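User: I have a chain to look over. Please go through helices, cavities and backbone angles with me, in short answers.

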Amino acid sequence: MNFKNLHIAISLIIVLLCATIVFGQEEKETMKLPVITLTQGILNFNGDIGYNRLNEPLIAHSGFEFGIQNHTDGRLTFGLFILAGQITGEVSSINRNQNFRTSIFSESLRARYEWISHTRADQILIPYITAGIEFLTFNTKADLLDASGKSYFYWTDGTVRNEAQTETNGSAPQTHRDYKYETNVRDANLDGTGKYSQTSFAVPIGLGVRFKLSPKTSLDFSSVLHKTFTDYIDGITSKGKGERAGNDKNDNYFFTSVGFKIDLGTPRIRTTKKDKYRPDVTGVNFTELTNDDADGDGIPDVKDDSSATPNANKVDEKGKPIDTDDDGIPDYRDKELNSQPYAVVNEDGETITEEMVEAQFRKDSLAALPAVIEYLRAYDKLAERKPDVEQRWTSQKAAENPRDHTVIPAVYRRLDADQNGYITPKEISIAIDEYMSKKSPYSVQQFFDLIDFFFVQK
């Protein structure tokens with residue numbers, strides 16, 4: 001594989017993608033700025049040296065990544081990422097002592113798919129997966145010499161000395177590693193591999209979760225495995241001998257990180273003190289709300305004066321249930337569809353007259369009290385819809401007995417609020433409310449005499 005040509009190709013693709021992200025736009029649309037991510041994390045190595053077996057140490061170093069992605073309202077995004085950092089590996093045992101450190105720099109193109117739409121206002125945690133292609137450069141070094149340029153010798157007693165262990169030099173002076181990684185592994189040609197390439201193609205694959213801070217900003221928590229196509233990152237390969245012998249598997253590394261993401265393409269929402277008390281309508285689909293019809297009567301809720309009509313076929317253009325006889329009871333629950341104008345009706349739309357209620361009262365005044373109350377409540381509802389009904393009632397009484405007008409007893413005159421000489425249904429309804437709430441000045445007998453007077457007054 002010609003990595004130089006591959007690097008050039010990937011670099012050109014990155015430039016083109018960057019131009020598309022920043023400047024790309026459809027005709028007659030406003031340019032959308034990209035999404036920027038700044039990420040800090042740790043790099044862990046997996047290879048011949050590193051966390052390859054349980055008895056080997058896990059050593060991590062910091063890494064920094066910069067990302068730029070296209071702005072979109074969809075779940076799939078594309079972006080370019082630049083990662084820089086250091087990777088260190090150590091193995092220390094009786095039979096093997098190896099170490100390395102390398103700086104890495106990678107450029108990658110990745111696709112990212114979020115499992116939940118980020119436009120949902122109620123969604124704070126958004127999981128995602130990511131994958132792509134990557135070009136990696138590295139420069140491996142090892143700490144093989146002390147400050148004076150002498151090699152380290154690892155003895156079986158766990159000490160480090162400046163002489164090889166023999167049966168006769170048990171008193172050789174001890175030394176300590178200086179961790180300066182002075183030896184360039186490729187230039188030293190320790191395994192006869194020559195000038196091998198310090199670049200590689202890689203495939204980053206990972207998953208994460210995005211924590212929304214606001215419509216424009218969020219935190220990204222992720223872990224990405226970078227599967228490389230080289231076995232030279234740690235300087236140990238299957239071509240090595242003795243302690244330097246490795247396996248034939250390619251080296252990989254993980255980048256576990258948290259990043260700050262800002263979507264420059266999302267409009268900034270300016271808030272005021274008044275906005276504190278306003279509901280958050282981010283992500284609300286107002287088109288759907290405009291067309292919602294909760295009761296299925298064919299009239300959208302925003303135009304429906306009665307959004308709980310159970311019968312979708314009997315409403316007017318404003319969504320109100322049809323009331324053919326105009327008695328205040330919709331046809332779908334009206335048992336008397338042809339009530340007379342100004343008729344007093346019960347909850348089923350059936351006419352109630354004074355004569356009907358009076359007949360029950362004459363039969364049993366106490367048992368008839370609920371019927372009296374029902375009639376007066378129905379009359380009050382009629383008066384609310386047709387305010388002139390009270391005048392009509394008074395005129396009808398006067399027309400029935402023009403010469404014989406019953407005088408209101410003195411004890412009840414306080415109830416004649418309109419001073420028309422009659423105790424009207426509205427006025428006696430007020431008297432009943434007083435009595436029921438224990439605010440009436442009348443005794444039980446006076447209360448029932450009042451109802452009796454209501455029926456007999458002329």
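User: How many residues does α7 have, and what span does α7 reach from its first C-alpha to its last?

Analyst: This is a predicted model, where local features need pLDDT of at least 70, side-chain atom pairs count only at pLDDT 80 or more, and totals for chains, interfaces and linings use all residues. Residues are numbered from 1 along each chain as its sequence is written, and side-chain values use heavy atoms, with hydrogens and water left out. Helices (H or I, at least four residues) and strands (E, at least two) are DSSP runs, numbered from the N terminus. The expected span is 1.5 Å times one less than the number of residues, and α7, with 12 residues, reaches 16 Å, close to the expected 16 Å.

User: What span does α8 reach, and which of its residues are buried?

Analyst: Helix α8 runs over residues 444-456. Its 13 residues reach 19 Å, close to the 18 Å expected. Cover for its buried residues includes α4 (354-363), α5 (369-385), α6 (389-400) and α7 (425-436). The buried residues are F447, F448, L450, I451, F453, F454 and F455.

User: Which residues lie nearest the centre of the largest cavity?

Analyst: The elements giving two or more residues to its lining are β1 (35-46), β2 (60-69), β4 (97-114), β5 (125-142), β11 (217-228) and β12 (252-263). Ala, Val, Leu, Ile, Met, Phe, Trp, Tyr, Cys and Pro count as nonpolar, Asp, Glu, Lys and Arg as charged, and the others, Gly among them, as polar. The lining divides into 4 nonpolar, 8 polar and 5 charged. Of its 17 lining residues, those nearest the centre are E65, F81, R110, Y128 and S222.

User: What is the volume of the second largest cavity?

Analyst: Its lining is V185, N189, L190, D191, T193, Y196, Y232, G235, T237 and R244. These divide into 4 nonpolar, 4 polar and 2 charged. The volume is about 50 Å³.

User: Where does D326 lie, and what is its phi?

Analyst: Most residues other than glycine have a negative phi. D326 is in the loop between α3 (286-291) and α4. At 41% relative accessibility, D326 is partly exposed. Its phi is positive, near 55°.

User: Is Y342 buried or partly exposed, and what is its phi?

Analyst: Y342 also sits in the loop between α3 and α4. Its relative accessible area is 25%, so Y342 counts as partly exposed. Y342 is not a glycine, yet its phi is positive, about 65°.

Methods:
Buried means under 20% relative accessible area, exposed over 50%, partly exposed in between (1.4 Å probe, protein chains only). Contact means heavy atoms within 4.5 Å. On a 1 Å grid over the protein atoms alone, a cavity is a set of points where a 1.4 Å probe fits but cannot get out, and a pocket is an open set with protein on both sides within 12 Å along at least five of seven lines; lining residues have an atom within 4 Å of a point. Grid points are joined across faces, edges and corners, and a volume is the space filled by probe spheres set on the points.
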